[in-house]
Amino acid sequence: MINRPSRARTGAGAAVVLAIALSGCTGSTDSGSGAATFGELSGPATAEQLTIALDKDTGPINLFAGASDQLVELVYDKLLAPSPYVDDPQPWLATEVRQLDPDIWEADLRTDVTWQDGERFTPQDVVFSFQYMHNAPTGRYTHHVNDTPYVDRVVQVDDDTVRFECRDACPSLARVTLADLPIVAKHIWADIDPAEAKTVQDLPIGTGPYQLTAYSPTEGYTLTANEKYFAGKPTVDTIKMPVITDQSATFTALQSGEIDATTRTLSPELVAQFEQSGNLDSLTTQALSFPEIKMNFLRKPLDTPKFRRALSDAVDKEQMLDVVALGQGRTATQGYPHPDAPFANPGNSTPTDHTAAGTAFDELGYTDTDRDGIREIDGKPLVLRMYVDSGLPQDVRAAELVAEDLGEVGIGVEIEGMDAAALKERSAQKTYDLLVGSIGAHGVADPDQFIMSHRSGYLWAPDIAWDEWDKKYAEWLAQTTHEDRIRVMQELQTIHNAAPTTVPLFYPEEHWAVSHTYGGWAESPGSGIVHKWSFLPKDVVEAAHSSTVEAITELTGTPPATDVTEPPASEEHGH
């Protein structure tokens, strides 16, 4: 049975992971004749200073207030590394993690770690972090503690061990939560009311390789190497991060040598130009993200599963890749989630099929009775309104192609452009029929987030019945092992892709350009190249991404539970 409390809180999660080889280990990423490969870059392995342009200001790296994962991880560490997007997370702040029962885990911690202010890292910091996440406002990380899964209690066992007790079976705790949740300092945050966590403007103190030593909305960020970092001295002494919001200005600064790199990827039409640059190296990574057309499943006729599948069938995904991404990536014929996530069902299928789309619309009774090329619904033309960020040329072109594709099967589309802030608000309020957006690694390569997205209003909403999904979801909740959770989750993906609420447009490659000032750049799944792993010694990076240490001991063969508690509906999903 599933218990359904009035304010549900969770049990469970599923384990995921994504195996993209670290290119720094293989030296195999090559986007063309002009592109350098990781390990064959022009720059040296160390640098005194780098200047890396950010595309936006997110404040003084407050992990509760929307700072990017990459910035957070320069300052903070997690128990396992590098992320939930690799096959087997490796030891980091924890040296070993073991499952004692379906709902109980223990972790042994390092004893040689200090906070950036000199205080010693202790098990109490881990206990406090989990407790604080329970009480802090919902955000990017909190669902891994207070709903999927629900970590009921964390206690210190001895001088270097903590125990995690979940409300229900939590087989993904090690592979997802412990590899995703930054640990904060008790002595810093204990006096801050959790309800005020998002308002904190103080410069953060973490255990990570860099300390944020200066920040202003106008000057940007200055990060200074933590020379006492437990994993080794960082390879760059100082990182300056100015904010350049204009894309054209960013790439002009890169070409002129004013900056060494940027968090912006090259747009498809710039790739060849930058590959031929004599003063820059270009690199390619596999993105764990994709652009998408979101469908408002709360509105007719998009609330009809057959209509949503027909709309997905009508989108020419091969043309989308060729025209919008200039062929740089893969066609999105495997739907949701990203096919490179190991929890992704290899049988996921969302082909382009105009014939099937037209037949489905006919069977639904949407026909063009007046022969004007547009089908009717309740006697009125079936016209959907699609919103797009007018400042993103790629998205605008994608919207135009979708409108053309739907027009071919008799569905009218009116496109309206707006600024990013207005689009975000419209998305949050669900005041659209169709909306062009994008989703990152947390959304499409984290198995717990796959579940949460169906309970947060992003992919579905818990107060709307979806009988097939609900039945299979109950089965997923009951599983007590990682292997069984993945098996059932793959069946949930089949259900979702048969009536999708979003249409992935293509699975892109990411192209980057960097100066010859530095050559230590590394790829980490879902994070591109601007992250902590690009600024740590090569042997440390390789070890963290190698999957050679069995850091996690899991139970196998435990039977499904007979009594579980349904997770809550979270209003934020932190994609």
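**Entry 1. Helices α10 and α12**

I began with helix α10, which passes α12 in a right-handed crossing. The model I am reading is a predicted one. I then looked up the axes: those of α10 (residues 317–324) and α12 come within 10 Å and cross at roughly 150 degrees. Angles over 145 degrees count as roughly antiparallel, and α10 is therefore roughly antiparallel to α12.

Next I listed the residues that meet. From α10 I noted Gln 319, Met 320, Val 323 and Val 324. Their counterparts in α12 are Gln 394, Arg 397, Ala 398, Leu 401, Val 402 and Asp 405. I sorted the residues of this contact by class and recorded 6 nonpolar, 2 polar and 2 charged.

**Entry 2. The five-stranded sheet**

I followed α12 to a sheet. Helix α12 (residues 393–408) lies across β14, β18 (383–389), β19 and β20 (434–439). Its direction runs at about 165 degrees to β18.

Which order do the strands take in this open sheet of 5 strands? I read β19-β18-β20-β14-β21, with mixed pairing. At the edges I found β19 (412–418) and β21 (502–504), each of which pairs on one side only. From one strand to the next, the twist averages 30 degrees.

Strand β14 (residues 290–295) pairs with β21 in the antiparallel sense, over 3 bridges. I noted Thr 502 in β21 as the bridge partner of Lys 294.

**Entry 3. The three-stranded sheet**

I turned to an open sheet of 3 strands, ordered β13-β22-β15 and paired in the antiparallel sense. Strands β13 (280–286) and β15 (329–331) stand at the edges with a single partner strand each, so one side of each has no neighbour in the sheet. Neighbouring strands here are turned by 15 degrees against each other on average, direction ignored.

I then looked up the pairing of β13 with strand β22 (residues 506–515), which is antiparallel over 7 bridges. Within β22, Ala 513 is the bridge partner of Ser 282.

**Entry 4. Helices α9 and α11**

How are α9 and α11 oriented to each other? I found that helix α9 (residues 305–314) and helix α11 (residues 354–363) pack at an angle of about 150 degrees, with their axes 8 Å apart. The two are therefore roughly antiparallel to each other. I recorded the crossing of α9 past α11 as left-handed.

On the α9 side I listed Lys 306, Phe 307, Ala 310, Leu 311, Asp 313 and Ala 314. These meet His 354, Ala 356, Ala 357, Ala 360, Phe 361 and Glu 363 in α11. By class, I noted 8 nonpolar, 1 polar and 3 charged residues in the contact of α9 with α11.

**Entry 5. Helices α16 and α17**

I examined helix α16 (residues 467–478) and helix α17 (residues 482–498), whose axes come within 9 Å and cross at roughly 170 degrees. This pair, too, is therefore roughly antiparallel.

The α16 side of the contact is made by Glu 468, Trp 469, Lys 472, Tyr 473, Glu 475, Trp 476 and Leu 477. From α17 I listed Arg 485, Arg 487, Val 488, Met 489, Glu 491, Leu 492 and Ile 495. I counted the classes as 8 nonpolar, no polar and 6 charged residues for α16 with α17.

**Entry 6. Pairings of β11**

I looked up strand β11 (residues 236–241) and found that 4 bridges join it to strand β2 (residues 47–53), in parallel. With strand β10 (residues 220–225), β11 pairs in the antiparallel sense over 4 bridges.

Which residue in β11 is the bridge partner of Thr 51? I read Lys 240. Lys 240 is also the bridge partner of Thr 222.

For the contact I noted 19 residues from domain 1 and 15 residues from domain 2.

Terms used
Residues numbered from 1 in each chain as written. Predicted model: local features only at pLDDT ≥ 70, side-chain atom pairs only at ≥ 80, totals over all residues. Heavy atoms only, no water. Pairing = 2+ DSSP bridges. Axes fitted to C-alpha atoms, helices over the stretch in contact; angles between N-to-C directions. Contact = heavy atoms within 4.5 Å. Parallel < 35°, antiparallel > 145°, perpendicular 65-115°, else oblique. Left-handed = near helix turned anticlockwise from the far one by under 90°. Nonpolar A, V, L, I, M, F, W, Y, C, P; charged D, E, K, R; others polar.
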